[in-house]
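Let's walk through this structure together, one feature at a time.

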Amino acid sequence: MRAVVLGSSPWSLRVTEDWPEPVAGSGQVIVRVLGVGICGSDLALLSGKRQAPAYPWVPGHEAFGEVAATGHGVAQARLGQRVVIEPNYPCMGCAECASGRTSMCQDRVIVGFTAPGVLASQVAVPEAFAWPVGRHWTDTDAVCAEPLTVALSAIRRSGAAAGCRCLVVGTGSQGTLLCVALAARGISPYVLEPHDGRRELAVSLGARAARPDDGGFEVVFETSGAESALTEAVSRAAPGATVVLIGLGGEAARINTGLVVRRQLTLQGSLIYDHPRDFAATIASPVRSPGRVLRAAYPLERASEAFRAASEVPGKTWIRLT
Ligand SMILES: [Zn+2]
Ligand SMILES: [Zn+2]
């Protein structure tokens, strides 16, 4: 089958026609992939900042498609279903999984990073992680289901309520989706983003650009992972506010602890989502057209270009498989 594979040197992507087809194991479905979104963590893998367990490697983790085959024990009714893939498979047996916080599972399988990714004609997925969605989930909306769930989980963990004064720092694709998700929860966010095009996209989707003196935010979401952004996030937080960190910076950052103490801030990390509650919530509670954050679509043959554009173009980039 067709697949996009990454070689061991950074950015060495190629399209191959003879990648082995997956076989549906017990409890699995085969998903014929129709679209794949690109996000920052994929770029970290391509640039060599993150390593794949083996090369050549199929990248990608944000996908939707149709169930093309079912494995042993899976209902035949699933054949032909339109699905979005939840690309993190917790063990469901450890203490964290038992507590419901499956995002903290140490044995979590991470599609595209610790298990082969979705940028292929077909992938095998445990059936509980291939979520059926109706036709009202258009292609562009379905390709955003996974990062939308990341955004909605961060909002859930933040405790942000409708009408609260909220700031989003960084409006890359995840920050922009967060704005769309906040609006759907009755919150009209302010945004802080140095890149004109990214800021303008967020504003065109209903966010307000924060001015230099706008502060007193009850909930602040930091999506970039950059130290300067964290400084802004903390300095603009209101007394008693929650600062939610979503950006995976990976490097040590200095923080004004005096401000954190005096304002009695809560710093809350938020990593992906918990199974099954968060995907179930995304699908049950509609967010109007999350696909509005998409700007550029590429065919599979131009995957390389799509990944390059993803780091430069405002909004989200995706690959359409036909
Ligand atoms: Zn992602
Ligand atoms: Zn676990």
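A residue counts as buried when its relative accessible area is under 20%, as exposed when that area is over 50%, and as partly exposed in between. What you are looking at is a predicted model.

Which residue does R2 pair with in a salt bridge? The partner is E17, and the closest N and O atoms of the two are 3.0 Å apart. R2 sits in the segment before β1 (3-6), while E17 belongs to the loop between β2 (13-16) and β3 (28-38), so this pair ties together parts that are 15 residues apart in sequence. E17 itself is exposed, because its relative accessibility of 51% is over the 50% cut-off.

That bridge is one of 15 salt bridges found in a search of the whole structure. Another joins the side chains of D214 and R211, with 3.1 Å from N to O. Here the two partners fall into opposite classes. D214 is buried, since its relative accessible area is 7%, whereas R211 is exposed at 52% relative accessibility. Next, find R236 and E232, which form a salt bridge whose closest N and O atoms are 2.8 Å apart. In this pair the arginine is the covered one: R236 has 8% relative accessibility and is therefore buried. E232, with a relative accessible area of 31%, is partly exposed. There is also a network of salt bridges, which links R156, R157, D274 and D278.

Now move to the metal site. What holds the zinc ion (ligand 2)? Four cysteines coordinate this ion through their SG atoms: C91, C94, C97 and C105, at 2.3 to 2.4 Å. Along the sequence, the spacing of these donor residues reads C-x2-C-x2-C-x7-C. Why is the arrangement called tetrahedral? The 4 donor atoms subtend angles of 103 to 118° around the zinc ion (ligand 2), and four donors count as tetrahedral if all angles lie between 85 and 135 degrees. C97 is buried, as its relative accessible area is 6%. C94, at 22% relative accessibility, is partly exposed.

Helix α4 is the next stop. It covers residues 145-158, 14 residues in total, and spans 20 Å from its first C-alpha to its last, close to the 20 Å expected at 1.5 Å a residue. Is this helix mostly covered or mostly open? It is mostly covered, with 13 of its 14 residues buried. After α4 comes G159, which has a positive phi, near 75°.

Finally, look for the largest pocket, whose volume is about 1,400 Å³. Its lining is made up of 50 residues, and those nearest its centre are G40, S41, T223, G247 and L248. Which elements give two or more residues to this lining? They are α1 (40-46), α4, α5 (173-184) and β17 (316-320). Of these, α1 gives the most, with 4 residues.

Note on methods
Residues numbered from 1 in each chain as written. Chains lettered and ligands numbered in written order. Predicted model: local features only at pLDDT ≥ 70, side-chain atom pairs only at ≥ 80, totals over all residues. Heavy atoms only, no water. Donors = N, O, S within 2.8 Å, 3.2 Å for Na, K, Ca; no water. Tetrahedral: all angles 85-135°; square planar, octahedral: opposite > 155°, others 65-115°. Buried < 20%, exposed > 50% of the residue type's maximum accessible area, 1.4 Å probe, protein only. Salt bridge = Lys/Arg side-chain N within 4 Å of Asp/Glu carboxyl O. Expected span 1.5 Å × (residues − 1). 1 Å grid on protein atoms, 1.4 Å probe; cavity = no way out; pocket = protein on both sides within 12 Å on 5 of 7 lines; lining within 4 Å. Points joined across faces, edges and corners; volume = space filled by probe spheres on them.
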